[in-house]
Amino acid sequence: MANHKTKLELTWIGKENRPKLEPRILVEDPAKSYHAPFRTGKADLFDNRLILGDNLLALKALEWEFAGKIKCIYIDPPYNTGSAFTHYDDGVEHSLWLSLIRDRLELLQRLLSKDGSIWISIDDNEAHYLKVLCDETFGRANFVATMIWEKRKSRENRRVFSFNHDYILVFAKDKASFEAVRNPVELSRDVLVRYKNPDNDPRGPWQSVSANAQAGHATPSQFYKLKLPSGKVIDPPKGRCWLYTKERMQEEITDGNVWFGPDGDSVPRIKKFLKNSEDAGLTPETIWPADEVGTNDEAKKGLIELLPDAPVFDNLKPESLLQRVVHIATNPGDFVLDSFAGSGTTGAVAHKMGRRWIMVELGEHCHTHIIPRLKKVIDGEDKGGITEAVGWKGGGGFRYYRLGPSLLQKDEFGNWIISKEYNPSMLAEAMCKMEGFTYAPSDTVYWQHGHSTETDFIYVTTQTLTREQLQKLSDEVGESRSLLVMCGAFRVKNLDEFPNLTVKKIPKAVLSRCEWGHDDYSLEIAALPLRSAISDQQSAIGGEEGNQPSAASSQRKPRTKAERRASAQQSSLFDFPAEEKKR
Ligand SMILES: C[S@@+](CC[C@H](N)C(=O)[O-])C[C@H]1O[C@@H](n2cnc3c(N)ncnc32)[C@H](O)[C@@H]1O
């Protein structure tokens, strides 16, 4: 029988292919980690993380520790404007972009806390496809809103339309939970000036609103004569009723919540105190004007001032834009993650706002921009961006990590062996990740490298274990505990002799779990389908403004075919310097 419940979905070339990711370990390079020389207060945060590497592997590496813990994810992925490839083919590039983003979104979704939200910068090239993709990943019911950010104020006259805005798509992990915690935005100066205190009310400044309403839905109890402090008696204006019943109005007057003008002779108005509106704040609007949150150009100028010697990037996001995102979505101490870090705007803003942060960046600008920028933030030397607005003075720190190498490699005979780069503690950590154990090596018990519960442990060794060794382990573990033993080999026929042990050989036990030795999931040129095989029906994408922070001056375009091939093979879809426009 035909299935009438056809699923509504977006399809593209290669949608069904999903990488089997290796859960890599993260290796800290303490020489690149940085922290302030002293604490400025209890709220200082030192355990922020900067990770160099492909974000797909990095997100997978973070999954075990951070699943369900990230309150706010902001990403600013390359917009797929037709500038990422030397040989641009819309159908292929479009499909690749969708696959690359989908794989990352699925991991990001797992990292979000129940009340968490993801904010994605994007423009017209992919915004509408991305919305559908996010519907599939996060659930259509968890769509929150699309922000329109005015990214430039000047008119771009060389184009048919001057594209002055980007979008920020917002999805929640669970919309109801997000709505319960989302912060209102602060009152703007325009709103603040409306609050005054002509009667020196000890409760502070207030503004007044009408004490009467349209009579249409009124009850008879809202029509009565009201005596003003001056002695004058009035009715509600024609066609209107009083806002409250007579009794309630009297209570409000007694509580000093009604204003009759300086002489006590004016039509009454209800006092609304700033104190209360601050508590409630304002509902965030979906149009974010440049005057409130800044422009691309302001962000670029700010970074040039901060890092005058670093290559210049385009399409950076202003700190005030990120401040609004972080403010709405998080509270101090929450985790903020950006896996397309660029120049590090998200981390800089999160740091200044007292949030913990994790950033991932693949490009060399991790070293040329992010590290020097964050050092200046920590040293209190960054006077730009939101520093003044949030009163940032410096402090805290971050740890710098690289992705560990692939755990398995092939030897000269083509056999899989444990990579020689792995020392015992790296191996133990990697095995914990593979097997879903928390890595927590004991100082006193040699066989406790990690645990999954209070009574279930893991022991990792490259040794070949004898019967006597296993017997000794089994005796020490005892009846009330269990142990997973990951070893090079074992010399025992019947493992049933040790009911409290599960013994597995590495690498055999993990070999088929994932793809080994795969370091870059950004783009596989070799895997591209041939043009003739492409039946993609999607319409052409004619964008011109890339979203790669292109170090404009530093890269020469490949000229020969060989150069282009080599260059394309090294590059990721996301890190290629901006190319000439494609039409
Ligand atoms: C548009 S930029 C982000 C700019 C950032 N919002 C800012 O204000 O500085 C996108 C960044 O994502 C990085 N990127 C692209 N693909 C990546 C990947 N697979 N893994 C990690 N980073 C990646 C690029 O190198 C680039 O720096």
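Modeller: Two strands are said to pair if DSSP finds at least two bridges between them. Keep in mind throughout that this is a predicted model.

The sheet I will take has five strands, in the order β21-β22-β23-β25-β27. It is an open sheet, and its pairing is mixed. Its edges are β21 (438-439) and β27 (501-505), each of which pairs on one side only. Inside the sheet, β23 (residues 456-460) and β25 (residues 482-487) run parallel and are joined by five bridges. One of the residue pairs can be named: Asp 456 has Ser 482 of β25 as its bridge partner.

Two helices pack on this sheet. Helix α14 (residues 424-435) touches β21, β22 (450-451), β23 and β25. The direction of α14 makes about 135° with that of β23. Helix α15 (residues 467-477) touches β25 and β27, and its direction makes about 140° with that of β27. β25 is therefore a strand that both helices touch, α14 and α15, given that contact is counted when C-beta atoms lie within 7 Å.

Next, the core. The largest nonpolar core holds 103 residues, and those touching the most other members are Ile 73, Leu 111, Leu 169, Val 325, Val 326, Met 431 and Ile 458. Helix α2 (residues 90-111) gives the most to this core, nine residues. Domain 1 (55-185 + 283-359) and domain 3 (408-505) both contribute residues, so the core lies between these two domains. Two of the members named above belong to the part we began with: Met 431 falls within the residue range of α14, and Ile 458 within that of β23.

Leu 169 shows what such a member touches. Leaving out residues up to four places away in sequence, its contacts are Ile 120, Ile 122, Leu 130, Lys 131, Cys 134 and Thr 146.

For comparison, here is another open sheet. Three strands form it in the order β8-β14-β13, and the pairing is antiparallel. Its edge strands are β8 (206-210) and β13 (258-259), each pairing on one side only. Five bridges link β8 to β14 (residues 269-273) in the antiparallel sense, and Gln 207 has Lys 272 of β14 as its bridge partner. As a general point, strands of a sheet pair through backbone hydrogen bonds, either parallel or antiparallel.

A further strand, β3 (residues 48-52), pairs with two others. With β18 (residues 397-403) the pairing is parallel, over five bridges; with β17 (residues 356-361) there are four bridges, and the strands again run parallel. Arg 49 stands opposite Arg 399 in β18 and opposite Ile 358 in β17. Five of the five residues of β3 are buried. Asn 48, Leu 50 and Leu 52 point one way, while Arg 49 and Ile 51 point the other way.

Gly 68 follows α1 and has a positive phi, near 75°.

Two loop residues show the contrast between buried and exposed. Pro 318 is in the loop between α9 (296-306) and α10 (319-329). Pro 318 counts as buried because it has 26 C-beta neighbours inside 10 Å, and the cut-off for buried is 20 or more. Among its contacts are Val 293, Gly 294 and Glu 298. Glu 298 is 20 residues from Pro 318 in sequence and 6.6 Å from it in space, C-alpha to C-alpha. Thr 219, in the loop between β9 (212-214) and β10 (226-227), has 8 such neighbours and so counts as exposed.

Last, confidence. The average pLDDT of the chain is 87, and 86% of the residues score at least 70. Over residues 524-546 the pLDDT stays under 50, and the model has 38 contacts beyond four places in sequence for them. Residues 548-583 are also below 50, with 59 contacts beyond near neighbours in sequence.

Definitions and conventions: Residues are numbered from 1 along each chain as its sequence is written. This is a predicted model: local features need pLDDT of at least 70, side-chain atom pairs count only at pLDDT 80 or more; totals for chains, interfaces and linings use all residues. A residue is buried if 20 or more other C-beta atoms lie within 10 Å of its own, exposed if 12 or fewer, and partly exposed in between; C-beta atoms are placed from the backbone. Axes are lines fitted to C-alpha atoms, for helices over the stretch in contact, and angles run from 0 to 180 degrees between N-to-C directions. A nonpolar core is a set of buried Ala, Val, Leu, Ile, Met, Phe, Trp, Tyr and Cys residues joined through C-beta atoms within 7 Å. Domain bounds come from an automatic or database domain assignment. pLDDT is the predictor's confidence in each residue, from 0 to 100.
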